[in-house]
Amino acid sequence: MADPTNHNQAGEIAPSTVDKQAPSVAEEHAPSTDSPEATDLPTANTPDPKAANPEDNPNAAKPDAASPKREKPAAAATGEKPAAAAKAAKKEKAPAVEDKPFVEFIEQDYLPALQKAIAQQGVKDLQVSFAKQKLPITGFESAEECWQIIGSWKETGLRQFNLYFPEEDIQGKKGFSCNEGKKPSTLESFLIDERKTTLDLLVYGLVQRLGGQKWLGIN
């Protein structure tokens with residue numbers, strides 16, 4: 001006997017529950033026609049956003065802001081020396097002998113070099129001294145005392161020269177006088193055209209002046 005619940009009053013068959021659910025299930029899984037929807041699947045013409053270069057592809061995945069940034073190598077790794085280390089490694093230039101105090105320079109450097117240079121010119125009995133005293137020149141008796149180098153030898157009579165430093169400075173004014181057995185009467189300027197006086201120049205200048213006097217060598 002047929003179930004009376006499957007027939008309505010007009011004798012029509014009622015739709016089953018499957019037919020009722022089919023439209024709703026289809027609509028749920030059907031794609032929307034309002035706007036395009038992007039998917040995660042790469043196509044033949046579109047590169048994988050995660051694998052593409054961010055500079056070439058604006059759709060490429062950006063790096064995670066939380067990921068650590070690469071740090072530049074330290075100065076030591078690149079071979080660069082710190083400024084302090086470079087200064088420490090640089091050798092300090094030794095001070096010039098001319099920068100010594102005046103008296104110390106004359107006694108320790110100039111007198112030995114001068115004696116050696118004059119001896120090489122054939123003078124065997126040179127006597128050299130360094131003293132602060134009056135100028136032994138006629139007309140300068142009232143002048144103040146000044147430092148002077150006195151040299152003498154008796155090879156052919158008594159020959160004496162004096163080199164004066166009135167300013168107690170080798171870069172300052174200098175004077176010269178010489179005589180043979182009698183008091184000198186002339187005070188000459190010495191090395192006045194030189195901008196800077198050095199040990200070698202002081203030795204060379206005095207040897208040249210004595211040579212001009214014909215006191216050296218075979219003179």
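Analyst: Helices (H or I, at least four residues) and strands (E, at least two) are DSSP runs, numbered from the N terminus. The expected span of a helix is 1.5 Å times one less than its number of residues. This is a predicted model, in which local features need pLDDT of at least 70, side-chain atom pairs count only at pLDDT 80 or more, and totals for chains, interfaces and linings use all residues. Residues are numbered from 1 along each chain as its sequence is written, and side-chain values use heavy atoms, with hydrogens and water left out.

User: What makes the length of helix 4 close to the expected one?

Analyst: Helix 4 (residues 199-212) has 14 residues and reaches 20 Å from its first C-alpha to its last. The expected value at 1.5 Å a residue is 20 Å, so the span is close to it.

User: Why is strand 4 called mostly covered?

Analyst: Buried means under 20% relative accessible area, exposed over 50%, and partly exposed in between (1.4 Å probe, protein chains only). In strand 4 (residues 175-180), 5 of the 6 residues are buried, so the strand is mostly covered.

User: How do you know that strand 4 pairs with strand 3 and strand 5?

Analyst: Two strands pair if DSSP finds at least two bridges between them. Strand 3 (residues 159-165) is joined to strand 4 by 6 bridges, and strand 5 (residues 188-189) is joined to strand 4 by 2; therefore both meet the definition. Both pairs run antiparallel. Phe161 stands opposite Cys178, and Gly175 opposite Ser189.
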